[in-house]
Amino acid sequence: MVKIRKAPILFAEETDSTNLAIRRLAEQGAAEGTVLWAARQTAGRGRLGRSFSSPEGGLYLSMLLRQSAEPEKDLRLTPAAAVAAARAVERCCGLPCSVKWPNDLAAGGKKLCGILCESFYAQGKHWIVLGIGINVNTLSFPPELAEIAVSVRQLTGRETALPELAEMLAGELDAAVVSSRRDDPALLDEYRRRCLSIGRGVLLLREGESRPAFALGVNGDYSLRVRLPDGTIEDVRFGEVTLRNSEA
Ligand code: BTN
């Protein structure tokens with residue numbers, strides 16, 4: 001089996017952001033497949049320029065990858081990481097997980113995990129860092145997050161050994177990245193099976209505008225096919241999509 005990760009998994013008790021730390025490691029010559037996880041982040045980075053709350057109890061892990069010669073293939077790395085994270089949480093913690101398009105993991109109706117894929121240039125090469133943050137042993141969230149976030153421990157009542165979950169996640173990431181680069185149809189099938197946005201009313205949020213729509217399915221390139229209230233069909237590639245309770 002092809003493996004991307006050949007080096008051991010690195011650990012930091014605390015770092016600013018594992019995505020930034022991986023970037024520094026790449027600047028110092030780290031190889032593709034390098035994985036770093038941290039017990040805490042002081043400046044966790046989220047999608048769309050937001051911060052990502054990263055207290056003790058969560059798993060904050062990043063993997064370094066080379067950019068592919070076909071940039072559209074790299075767009076599939078984030079959904080691949082979502083499938084990998086769902087598999088790891090299920091195997092290690094016994095908690096079934098869904099994916100909220102494009103790449104949040106959800107369980108018990110709330111967000112369990114976020115994924116941030118960033119690209120950068122170092123040592124004369126183009127790189128990608130896949131960063132995954134999972135709420136694992138967190139016992140409670142600040143009021144502004146409690147409505148939307150949940151941890152594995154809150155849902156299962158059990159504590160998870162973070163090194164074990166990190167090891168499993170790195171292995172699943174490895175496998176999912178290889179499948180994604182090979183266009184393995186089984187990966188897409190699994191993403192579709194896990195995607196809870198399909199068949200639901202959604203809100204498309206972009207540039208301060210919010211539009212209702214109905215999610216019809218996930219296309220072969222992992223974009224979301226939606227039907228707008230006037231019957232128009234649109235494929236959404238980027239941006240934010242939240243779930244609504246009613247249909248469009
Ligand atoms: C999001 O939901 O907005 C994405 C959050 C991604 C968080 C992870 S934690 C590990 C890695 N390091 C970061 O600074 N961010 C990602």
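Just after helix α3, Gly 94 takes a positive phi of about 70°. This is a predicted model, in which local features need pLDDT of at least 70 and side-chain atom pairs count only at pLDDT 80 or more, while totals for chains, interfaces and linings use all residues. Residues are numbered from 1 along each chain as its sequence is written, and side-chain values use heavy atoms, with hydrogens and water left out. Helices (H or I, at least four residues) and strands (E, at least two) are DSSP runs, numbered from the N terminus.

**Helix α3**

- Helix α3 covers residues 77-93, and its 17 residues should span 24 Å at 1.5 Å a residue. The expected span is 1.5 Å times one less than the number of residues. The end C-alpha atoms of α3 are 23 Å apart, which agrees.
- Of the 17 residues of α3, 14 are buried, so the helix is largely enclosed by the rest of the structure. Buried means under 20% relative accessible area, exposed over 50%, and partly exposed in between (1.4 Å probe, protein chains only).

- Axes are lines fitted to C-alpha atoms, for helices over the stretch in contact; angles run from 0 to 180 degrees between N-to-C directions.
- Helix α6 (residues 162-181) packs with α3 at an angle of about 145°, and their axes are 8 Å apart. This crossing of α3 and α6 is right-handed. A crossing is right-handed if the near helix is turned clockwise from the far one by less than a right angle, and left-handed if anticlockwise.
- On the α3 side, the contact with α6 involves residues including Leu 77, Ala 80, Ala 84, Ala 88, Cys 92 and Cys 93. On the α6 side, the residues include Leu 165, Met 168, Leu 169, Leu 173 and Val 177. Contact means heavy atoms within 4.5 Å.
- Helix α7 (residues 185-194) and α3 have axes that come within 10 Å and cross at roughly 70°. The two helices are therefore roughly perpendicular to each other. Angles of 65 to 115 degrees count as roughly perpendicular, under 35 as roughly parallel, over 145 as roughly antiparallel, and the rest as oblique.
- The crossing of α3 and α7 is left-handed. Here Pro 79, Ala 80, Val 83, Ala 86, Arg 87 and Glu 90 of α3 meet Leu 187, Glu 190, Tyr 191 and Arg 194 of α7.

**Cysteines**

- Zero disulfides turn up in a search of the whole structure. A disulfide is a pair of cysteine sulfur atoms within 2.5 Å.
- For Cys 92, the closest cysteine sulfur is that of Cys 93, at 4.6 Å, too far for a bond. Cys 92 is buried, with a relative accessible area of 19%.
- Cys 97 is in no disulfide either. Its nearest cysteine sulfur, in Cys 93, is 7.8 Å away. Cys 97 counts as buried at 6% relative accessibility.

**Backbone geometry**

- Most residues other than glycine have a negative phi, and most peptide bonds are trans.
- Leu 48 is not a glycine, yet has a positive phi of about 55°. Leu 48 sits in the loop between β2 (35-41) and β3 (59-66). Leu 48 is exposed, with a relative accessible area of 54%.
- Glu 207 also has a positive phi, near 50°. Its place is the loop between β8 (201-206) and β9 (209-218). Glu 207 is exposed, at 80% relative accessible area.
- The peptide bond from Trp 101 to Pro 102 is cis, with omega near 0°. Pro 102 lies in the loop between β4 (98-100) and β5 (104-107).

**Single residues**

- Ser 179 belongs to helix α6 and is buried, with a relative accessible area of 15%. Beyond its neighbours within four places in sequence, Ser 179 is in contact with Asp 184 and Leu 187.
- Ile 233 is in strand β11 (residues 233-236). Ile 233 counts as partly exposed at 43% relative accessibility. Setting aside neighbours within four places in sequence, Ile 233 contacts Leu 216, Arg 225, Val 226 and Arg 227. Ile 233 and Leu 216 are 17 residues apart in sequence, with a C-alpha to C-alpha distance of 9.0 Å.
- Ala 161 lies in the loop between α5 (152-156) and α6. Ala 161 is partly exposed, at 37% relative accessible area. The C-alpha atoms of Ala 161 and Asp 235 are separated by 40 Å, and the two residues are 74 apart along the chain.
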